[in-house]
Amino acid sequence: MTLSGVALGARFSLATNRLRYCGPHDAEAALARAILTGEGLEAAGEALLRFEALEPYLRGLARKHSLDPLDREVVEAYWIGNERLEDFSGDDFRQILRGLQQNGLPAGLAAEKFR
């Protein structure tokens, strides 16, 4: 069985969300439902795209390859790694850092990450 990008992302994101390390406080139920029943994928996908750090990476990977941010290949590239990571440039990473800054990453920390 091949999981959708949302189901795969839910499996990896549930634990960190449940522990309150990241993601919206109300995401746990939607992520769990997607994992346990395969239902509610739209709500789980919306929740995944509200994770402050995950969202810019998914959008950056998707933009680079003209895919949806919740496409299985995009989610897999973020969590596990695959060939979608191979041709990333400094400019691509800077775009992701801008997204992280828009979601709250301090500018000084972002600059430090790209020296």
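1. Of the 115 residues of the chain, 37% count as buried, where buried means under 20% relative accessible area, exposed over 50% and partly exposed in between, with a 1.4 Å probe and protein chains only. This is a predicted model, in which local features need pLDDT of at least 70 and side-chain atom pairs count only at pLDDT 80 or more, while totals for chains, interfaces and linings use all residues. Residues are numbered from 1 along each chain as its sequence is written, and side-chain values use heavy atoms, with hydrogens and water left out.

2. The chain has seven helices and zero strands, counting DSSP runs numbered from the N terminus (helices are H or I with at least four residues, strands E with at least two).

3. As for overall dimensions, the C-alpha atoms fill a box of roughly 45 × 30 × 20 Å along the principal axes. Contacts (heavy atoms within 4.5 Å) between residues 24 or more positions apart make up 47% of those in the chain with a separation of 6 or more.

4. Helix 1, residues 5-18, has 14 residues and reaches 20 Å from its first C-alpha to its last, close to the 20 Å expected at 1.5 Å a residue, the expected span being 1.5 Å times one less than the number of residues. Helix 1 is followed by R20, whose phi is positive, near 65°.

5. The buried residues of helix 1 are G5, V6, A7, L8, G9, A10, S13, L14 and N17, and what covers them includes helix 2 (28-37), helix 3 (41-48), helix 4 (54-65) and helix 5 (72-79).
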